[in-house]
Amino acid sequence: MSITPQTEPLAKIKSKQIRELLKTGKRIDGRELDAYRPITIETGVIGKAEGSATVSLGNTKVLVGIKVETGSPNSDTPNTGVLTVNAELLPLAHAIFEPGPPDENSIELARVVDRGIRESKAVDLEKLIIVPGKLAYVVFVDIYILNHDGNLVDASALAAIAALMNTKIPKIVVGEDGEPKKTEEFKPLPIQDCPIPVTIAKIGGSLLVDPVLEEENMASAKITITITKNGNICAIQKSGPGTFTLDEIVEAEKTARRKAEEIREKILSSAGG
Amino acid sequence: METVKRKLIDENGLRVDGRRPDELRPIKMKVGLLANADGSAYIEQGKSKIIVAVYGPREVHPKHIGLPDRAIIRCRYHMAPFSTTERKSPAPSRREIELSKIIREALEPVIFSEYYPRSMIDIFIEVLQSDGGTRCAGITAASLALADAGIPLKDLVAACAVGKVDGQLVVDLNDEEDKEGEADMPLAYIPAFNAASLLQMDGQLTEEEFFKALEMGKKACLKIYEMQKQALKERYLKIKESVEAGEENQEA
């Protein structure tokens, strides 16, 4: 059951300051409304994982590890590999995170990231089948939030796509006895798109790209729009208890499209895709 | 093994169930059918059947989850094990947990929750039969159940999905269109604010298609909004009749 959350108490003086600044088109950290915090991407940080990446978005820090195993394909898709995305809001990342099974926020985060990757067909799942109906590569994308300072969706999705581009999977040959065998050879995961999510928060009548936690806590709603390399929209999620007017949605979509282009270049150059 | 994919739009431009692209499925709404609930509603949209109950405002339990300045809203979207072709485990799935959250967030903007501090309003959505569009039909019915419970609302929320099948934008997708189509975009619309309180999308749409889909979704939601008002009027006429009949009995 989903319950209205108790939001982080934000000092009145701080929220007033944020609102006053927004009236002049400025933000508490000096950014423009449509500016991202500095993004740094590092890939291949966990040697035992088949792929990995850390992404920092200002003080938000996310680690994604990819494990690849073999297993049976899903019964409704016997001819494709399997992709699963899971997110952990680690208690070490913020005082508000408690240990325990994934709550609705971590499930929503994982599912929004999943949707962007799946619907853009970023991973060519059809190439990940080994024996149709019997054996397939199973790709686990595990998102580890290390420090929470807002906009977990964008940081997680960027780390996920950077890690996937960095993933090498073992070549598997099916012997004459029909038994699949792992070989010592590795090949890159088949990647065919680079979906970029852009999250926009609404405070009063202002739309802000890449909100920090303080902005997120006072935003009435957020919207994440994910754009493929061809410029198609492949996933949208409105989140939070407020609303967006249809005009605001149109404006957000245009901003998202513009920012996604910029960020994709950054990802491609640092992930070497 | 190649399976031949069925065409979702035929040569006359009609869909698998004979509808035009902008045509809704047949919709039936009924308000006030559960005796115990403070408010309830039932909706049939095509083959999808959903029942919603609202309890509250009532005392918060446990007390510490209450808010000092407004009511908390609790929302559960749940699918019956027999609602789908393959039995669905009754345990809440990740999908149901996500939908419960975004449905709560779709309904909260219209509720005057500040009238009821330290109390809670519960919304229970049970999908009895699922054939696509259940989150939207659930929202449509839940706002009727909230109104039936007498909870002050800023407006009703009407919801409907827009999608893309065989390259064409269509409204109110059924299960087959949702599964085989190229995109699905559920939208919950609040006419009084001209705003969306739920917007999701999966699949692929160009910018032009997206803007067109928003307009189509708004139009579809406005049609559903009219049906919602009609369903509420019918409920109140019934109450009025029963009250008047009661008065006559007393006089006699």
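Strand β8(B) is covered on both faces: A183(B), M185(B), L187(B) and Y189(B) are buried on one side, and D184(B), P186(B), A188(B) and I190(B) are buried on the other. Here a residue is buried if 20 or more other C-beta atoms, placed from the backbone, lie within 10 Å of its own, exposed if 12 or fewer, and partly exposed in between. That puts 8 of the 8 residues of β8 (183-190) of chain B in the buried class. In a regular strand, side chains alternate between the two faces of the sheet. Strands (E, at least two residues) and helices (H or I, at least four) are DSSP runs, numbered from the N terminus.

A word on the model itself: it is predicted, with local features needing pLDDT of at least 70 and side-chain atom pairs counting only at pLDDT 80 or more, while totals for chains, interfaces and linings use all residues. Residues are numbered from 1 along each chain as its sequence is written, and chains are lettered from A and ligands numbered from 1 in the order in which they are written.

Back to β8(B), which has a pairing partner in β6 (158-165) of chain B, antiparallel and joined by 7 bridges; two strands pair if DSSP finds at least two bridges between them. K164(B) has A183(B) as its bridge partner in this pair. β8(B) also pairs with β9(B), again in the antiparallel sense, over 6 bridges, and there A183(B) stands opposite G203(B). The β8(B)-β9(B) hairpin has 4 residues between its strands, and N194(B) takes a positive phi near 45 degrees in it.

The contact between the chains takes 32 residues from chain A and 36 from chain B, where two residues are in contact if their C-beta atoms, placed from the backbone, lie within 7 Å. On the chain B side, β4, α1, β9 (195-205) and α4 (207-251) each supply at least two residues, and β9(B) gives the largest share, 11 residues. By type, that side of chain B divides into 18 nonpolar, 7 polar and 11 charged residues. Ala, Val, Leu, Ile, Met, Phe, Trp, Tyr, Cys and Pro count as nonpolar, Asp, Glu, Lys and Arg as charged, and the others, Gly among them, as polar.

The two chains also share an open sheet of 6 strands with mixed pairing, in the order β1(A)-β4(B)-β5(B)-β3(B)-β2(B)-β1(B). Its edges are β1 (2-3) of chain A and β1 (27-31) of chain B, each pairing on one side only. β1(B) runs antiparallel to β2 (39-45) of chain B, with 5 bridges between them, and Y42(B) is the bridge partner of K30(B). Helix α1 (94-107) of chain B lies across β1 of chain A and β4 (72-79) and β5 (119-129) of chain B, at about 135 degrees to β4(B).

L107(B) and L187(B) have the most contacts inside the largest nonpolar core, which has 145 residues. Such a core is a set of buried Ala, Val, Leu, Ile, Met, Phe, Trp, Tyr and Cys residues joined through C-beta atoms within 7 Å. Leaving aside neighbours within four places in sequence, L107(B) has contacts including I73(B), C75(B), I123(B) and V157(B).

Technical notes:
Axes are lines fitted to C-alpha atoms, for helices over the stretch in contact, and angles run from 0 to 180 degrees between N-to-C directions.
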